Amino acid sequence: MDFIDLKSQYAALRDNINARIQKVLDHGQYILGPEVKEMEAALCAYTGARHCISVASGTEALLIALMALDLQPGDEVVTSPFTFAATAEMIVLAGGVPVFVDIEPDTANLDARLVEAAITPRTRAVMPVSLYGQVADMDAINAVAARHGLAVIEDAAQSFGASYGSRKSCNLSTFGCTSFFPSKPLGCYGDGGAIFTSDDRLAQACREIRTHGQSQRYLHTRLGVGGRMDTLQCAVVLGKLDRFEWEIARRLQLGEAYRRKLQAAVPALQLLAVREDRDCVWAQYTVFVDDREAVQARLKQAGIPTAVHYPRPLHHQPAYARYAEADACPHSIAAARRVMSLPMSADLTDAQQDEVVAALARALAA
Ligand SMILES: *Cc1c(COP(=O)(O)O)cnc(C)c1O
């Protein structure tokens, strides 16, 4: 069993993806070709955001969004330490200082109630992460940010396709930044990402920064990067969009089935909470276990791959330890010790899911 089954997905979409790739090879416009604009327009329509700026990766999306805010050295960005390193990494690379605020223990998302106390005169932005595919408490975070005149950047690398009330992830704040890394809910066949915003001025800034700060050809108005997403990868995303609605519906169904089956088989197992006003697209189907290494080893023996997202909160990583006391953010520390992700993708079959649940029940009983 694959942890994430990309082979079945390709088998289902093969003709479509191959044809789209072939078309790019035929027209030869590998950089900023027609598929780039076509994908950006399709994703604007999907999310409802006014602008989509495709970029080289999810990491690059975060960096370019921060650069568009013109962060000054020492400016603070409030974020979660329980995330992939890129979140805090790009804050530092953009000249900022990450200010870590703890997560809610049941959703593992940034605790909006703790944000206001972390704001100082140097704060410029809040960067919540919509972890595992569930949107963070964006209304509450936006409200605090508005009171203090701060920008909000949703790190939506894991939540593309997720709903928050009647709205979509990536269209909930100043910026939404997502990733098309192959294993994300909407993936390409390499690196890719996108920035979403409905602010015309910031969108223009992102477009310029994406291409070395050029406002016209060879007129470099500002500092930028080489951060474009290539045409071939946009063609792959377009090929995958044909089945994306089905995939999201299937992910929601599998998430619900995991909950139901796990509650029946292992009533004591702590599952991730999903708030009533939103869904979770389960970029990772993550549960909380004690004695994780032993459970993972037993599952591995049973042929079930697992993963840990993430084994250390960022303030326990050597590169970011200086930004918080070691005992800060206790819920993030506890989650890092206990989280374990199970096989998940739209092509996971019901039978495979039953096998995972039975193996986990046996592993926990051992
Ligand atoms: C994957 C991920 C990123 C980085 O995306 P890349 O496309 O791999 O650069 C950033 N933040 C989070 C939360 C992620 O899961």
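**Close-up views of the predicted model**

View A. An N or O atom in the side chain of K184 lies 2.6 Å from an oxygen atom of the ligand. The protein covers 93% of the 380 Å² of accessible area that the ligand has on its own. This view, like those that follow, is taken from a predicted model. The side chain of T59 also places an N or O atom 2.5 Å from an oxygen atom of the ligand. In the case of G58, the atom concerned belongs to the backbone: a backbone N or O atom lies 2.8 Å from an oxygen atom of the ligand. In total, 16 residues surround the ligand, and the closest are G58, T59, Q158, S179 and K184.

View B. G193 belongs to strand β9. Is this residue, G193, buried or exposed? Its relative accessibility is 0%, so G193 counts as buried. The C-alpha atom of G193 is separated by 4.1 Å from that of S179, although the two residues are 14 residues apart along the chain. Neighbours within four places in sequence aside, G193 touches I53, S54, V55, A56, S57, G58, T178, S179, F180 and M229. Two residues in that list, G58 and S179, are also among the closest to the ligand.

**View C. The aromatic pair of Y10 and Y189.** The structure holds 9 aromatic pairs. With a relative accessibility of 25%, Y10 counts as partly exposed. Y189 also counts as partly exposed, at 33% relative accessibility.

**View D. The aromatic pair of F84 and Y310.** The ring centres of F84 and Y310 are 6.1 Å apart and their planes stand at 40 degrees, so this pair is tilted. F84 sits in the loop between β2 (76-79) and α4 (86-93), and Y310 sits in the loop between α9 (292-301) and α10 (330-338); the pair therefore ties together parts that are 226 residues apart in sequence. How accessible is each partner? F84 counts as partly exposed because its relative accessibility is 46%. Y310, by contrast, is buried, with a relative accessible area of 13%.

**View E. A cluster of aromatic rings.** Ring pairs link Y46, F160, F180, F196 and F244 into a cluster.

**View F. Helix α4 and the elements it packs against.** Which residues of α4 are buried? They are A86, T87, A88, M90 and I91. These buried residues pack against α3 (58-68), β2, β3 (97-100), β4 (123-127) and β5 (151-155). An α-helix has 3.6 residues a turn, so residues three or four places apart point the same way. After α4 comes G95, whose phi is positive, near 95 degrees.

**View G. R210 in helix α6.** R210 is part of helix α6 (residues 200-210). With a relative accessible area of 7%, R210 is buried. When residues up to four places away in sequence are not counted, R210 touches L32, E40, I53, S54, V55, I64, V225, G226, G227 and R228.

**View H. Q214 in strand β10.** Q214 lies in strand β10 (residues 214-216). The residue Q214 counts as buried at 18% relative accessibility, because the cut-off for a buried residue is under 20%. Apart from neighbours within four places in sequence, Q214 is in contact with E208, L219 and H220.

**View I. The whole protein, for orientation.** The protein contains 11 helices and 14 strands. Its radius of gyration is 20 Å, close to the 21 Å that the globule rule gives for 366 residues, so the protein is as compact as a globular protein of that length. Along the principal axes, its C-alpha atoms fill a box of roughly 65 × 55 × 35 Å. Of the 366 residues, 56% count as buried. Among contacts between residues at least 6 apart in sequence, 71% join residues at least 24 apart. The protein exposes about 15000 Å², of which carbon and sulfur atoms supply 52%.

Note on methods
Residues numbered from 1 in each chain as written. Predicted model: local features only at pLDDT ≥ 70, side-chain atom pairs only at ≥ 80, totals over all residues. Heavy atoms only, no water. Phe/Tyr/Trp six-rings, centres within 6.5 Å; stacked < 30°, edge-to-face > 60°. Buried < 20%, exposed > 50% of the residue type's maximum accessible area, 1.4 Å probe, protein only. Helix = DSSP H or I, 4+ residues; strand = E, 2+ residues; numbered from the N terminus. Contact = heavy atoms within 4.5 Å. Near = heavy atom within 4 Å. Polar contact = N/O pair within 3.5 Å; in protein donor to acceptor, adjacent residues only side chain to side chain. Areas by Shrake-Rupley, 256 points an atom, 1.4 Å probe, with all protein chains shown as cover. Rg over C-alpha atoms; globule rule 2.2 N^0.38 Å.
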